[in-house]
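Visitor: I am new to reading protein structures. Could you walk me through this one, feature by feature?

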Amino acid sequence: MNPRVLAQDNPPAATGTTERARGGALKPLPEDALILIPMRNNVLFPGVISPITVGRPMSVAAAQEAARTERKVGFLLQKDGQKNQVKPEDLYWVGTAGQVVRYITGGEGAHHMVVQGQSRFRALEFLEGWPFLVARVQYIEQPEEKEALPRDIEARFLQLKAQSVEAIELLPNAPEELAVVVQGMTSPALLADMVGNLLDVKLEEKQALLETFDLRARLDKVLQLLGERVGVLRISKEIGDKTKKEFDSRQREHVLREQLRQIQKELGEDEDTGAELEELKKQLEEGGMPEDVHKHAMKELKRLQRMGEGSAEGSMLRTYLEWLAELPWKDEAQKPIDIAQARKVLDEDHYGLEKIKRRILEHLAVRKLNPTGKSPILCFVGPPGVGKTSLGQSIARATARKFQRIALGGVHDEAEIRGHRRTYIGSLPGNVIQALRRAESKNAVVMFDEIDKLGQGGFHGDPASALLEVLDPEQNSRFRDNYLGVDFDLSKVMFITTANMLDTIPGPLRDRMEIIQLPGYTEEEKLEIAKRYLVKRQLEANGLLSADRAVEDFALSDDVLRALIRDYTREAGVRNLEREIGAVLRHVAMQVAEGRAEKVKVTLEDLHTILGARRFENEVAERTSVPGVATGLAWTPVGGDILFIEASKVPGNGKLILTGQLGEVMKESAQAALTLARTFLGEAFDKVDIHVHVPAGATPKDGPSAGVAMFLALVSLLLDAPIRHDVAMTGEISLRGLVLPIGGVKEKTLAALRAGIKTVMLPKRNEKDLEDVPAEAKAKLEFVFLERVEDAIRTAIGELPKREKTAA
């Protein structure tokens, strides 16, 4: 029920100018005709007095004519309340005729009137010729009510009275006099119409009630609608009573706590303790914890309130509750991923790496289309300084998430991941929970850095095994930290890992991650990275950028940067390059600080003064100018590198001597190379001992890919024919002379390019791996693909002299 009785035809849409006002008198209405006003949002019932506002010209004209002639007005409900221009077919044809009791002309074209409904009518025929709606109507006369009502009518009447009084009592703001008026009513029809007018139901239901002419059926309908509303009001009252009771209970608790605080104050205890605990309770209440976690936190808080503040356990418990209160339990509204913006961010932050960027964008696209899906954990693998960590930061920036880095190098305690148990003072959650507390969000990007350098498990537990739960999308929605002792949902966190090499990552842990290789940069890529990022970053770090100093005042030329790349750094990444650029700019900063120069241009000649002699030279030509030396290609955790294989002979009886800290696999490759070389050169090996040495003896070396280089070094030695200085090779050999495939083609190719090699010999079955090699490397290098070792001899040494062929 709605105690307000108000009808609105519409906010005024036009002025109330009538046809008569524009000129010419209206023709008289037939006796059985009725002026009609369409209603948008109310149904008028007989016996009800209601204020009505009209604004449409047609309705204003009808109201003015009715007030002038003191005729009755009929009110019909529109089928569509949004229509301004209505026709007979847009109206219900049963309405209420009423008398205009009062008419007021308002401002801005609005006209107000007070109308008393008198009787129902049915429209029979709509007439034309008036500036408002007119229709011939048939009045629906209500049977005269006798003093003694029929029993079934009286029973319904009494039930309607009782329900009406109950509804009035349940309404919070209903006037008390209304119940008295209802109790004093003697007409069932009038009570049914009054209740029907007050009911808060749909207009269609009110219209159906108006069209119910039979009193018995009308009372039944009103009782049904009123019963439904009374049921809703009862529930609302119960909710309100519970809320009030809870409020009263909290008010009582507040008074008792205030008394307790006063007692504590008299006892000399800390005055701030109660306020701090109240603040802690408020944080726990508003933290958005799951129900079981909240219940557990409240239980622990009550324990804390009963403890003395000076106890050690109380201090530990308080720290624990503060951790619970400050963790991001709530599910935040995640900002939609913008793929175009993500691509822009990656291009701004990183030069090159097109394949890696494409895979990252694919990962983000899947996250965007299926935010609740279980996407794989990305693992960036590559040498130091290639941008693994900065890629994670770029992903966080592209997805508008906070970034947290967890360093795993040397971590050997499971508690670093899963947390310490709360059994001693100083216990803390694991690094995962700590990172989320710092991020203040469950939708963060968390990077596990150097996952390949995790310590081995011991009596402290295995951290790699603890990471299995964290990085498994099927399990991490209920991650349990030992310190918290409750489940925490990690499924919204975007985990990324980095590593230098895969060999030391345990198999089950590696199985949970998708590996993305970042092998290293070419010289041209390093040049662009230096020009776009490194120089500017070092200018800022050394204080050379200010309001009166620009980048152009201290720009390093391309020749200087190339010299730094070639002669002072030889690495897969750009970390050392940035370090050398910083050293150059520090020298510039000293000149500026001393006032010796405002603008400084560094030349190639200045590099020797600033950095000293060149650290790397192209020694390939010098070292391979003698027979018995071959240039091999090797893979290392910090990128590819070149490897010199040196062979020498001394008088003897065919022994093989190996030095240079070679591993078992490499020793076997040397033995296989010697056996294969004997099949080509036969008796040449019988009276000599062969010594094979791989320089940099302090560095352990192993792997099968040096077979081709060892074979060519032996052949070159025995034939006394040097190997071409611009050729490098890699590949495993078999005793039948086949060249077998190897790994790390991209890293080895880039190492050859850095060392000034012109021709690279690869196994034929590795030809498909050139897809991963940068276009610059493929353009500058010539590739020779080997099926048998004879192809290697032909490329590196040339056709064998006739003398050697005959001897062979």
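This is a predicted model: local features need pLDDT of at least 70, side-chain atom pairs count only at pLDDT 80 or more; totals for chains, interfaces and linings use all residues.

Guide: Gladly! Let us start with a term: helices and strands are DSSP runs, numbered from the N terminus.

Visitor: Which other residue has a positive value of phi while being other than glycine?

Guide: Look at Glu70, where phi is near 55°. Glu70 lies in the loop between helix H1 (57–69) and strand E4 (73–77).

Visitor: Is Glu70 buried or exposed?

Guide: The cut-off to remember is that a residue over 50% relative accessible area is exposed. Glu70 has 64% relative accessibility, so Glu70 counts as exposed.

Visitor: What about Ser427: is this residue buried or exposed?

Guide: The cut-off for buried is under 20%. Ser427 is at 8% relative accessibility and therefore counts as buried. You will find Ser427 in the loop between helix H13 (415–418) and helix H14 (431–439).

Visitor: Which residues does Ser427 contact?

Guide: Leaving aside neighbours within four places in sequence, Ser427 is in contact with His420, Arg421, Arg422 and Tyr483.

Visitor: How far apart in sequence can two residues be when they touch? Take Val293 and Asp487.

Guide: Those two are 194 residues apart in sequence, yet their C-alpha atoms are 7.9 Å apart in space. Not counting residues up to four places away in sequence, Val293 touches Trp329, Val486 and Asp487. Val293 sits in helix H8 (residues 291–306) and is buried, with a relative accessible area of 1%.

Visitor: Why is helix H15 described as largely enclosed?

Guide: We count its buried residues. H15 spans residues 463–470, and six of its eight residues are buried, so the helix is largely enclosed by the rest of the structure. The buried ones are Pro463, Ala464, Ala466, Leu467, Glu469 and Val470. Their cover includes H13, H14, E10, strand E11 (479–480), strand E13 (494–499) and helix H16 (507–511).

Visitor: Which residue caps the N-terminal end of H15?

Guide: That is Asp462, with a side-chain oxygen 3.2 Å from the backbone nitrogen of Ala464.

Visitor: Last one: how do I read the packing of H18 and H19?

Guide: Start with the angle and the spacing. Helix H18 (residues 558–568) and helix H19 (residues 575–593) pack at about 125°, and their axes are 10 Å apart. The two helices are therefore oblique to each other. On the H18 side the contact is made by Leu561, Leu564, Ile565 and Tyr568, and on the H19 side by Leu577, Glu580, Ile581 and Val584. The crossing of H18 past H19 is right-handed.

Definitions and conventions
Residues are numbered from 1 along each chain as its sequence is written. Side-chain values use heavy atoms; hydrogens and water are left out. Helices (H or I, at least four residues) and strands (E, at least two) are DSSP runs, numbered from the N terminus. Buried means under 20% relative accessible area, exposed over 50%, partly exposed in between (1.4 Å probe, protein chains only). Contact means heavy atoms within 4.5 Å. Axes are lines fitted to C-alpha atoms, for helices over the stretch in contact, and angles run from 0 to 180 degrees between N-to-C directions. Angles under 35 degrees count as roughly parallel, over 145 as roughly antiparallel, 65 to 115 as roughly perpendicular and the rest as oblique. A crossing is left-handed if the near helix is turned anticlockwise from the far one by less than a right angle, and right-handed if clockwise. A polar contact is a pair of N or O atoms within 3.5 Å; within protein, one must be able to donate a hydrogen and the other to accept it, and residues adjacent in sequence count only if both atoms are side-chain atoms.
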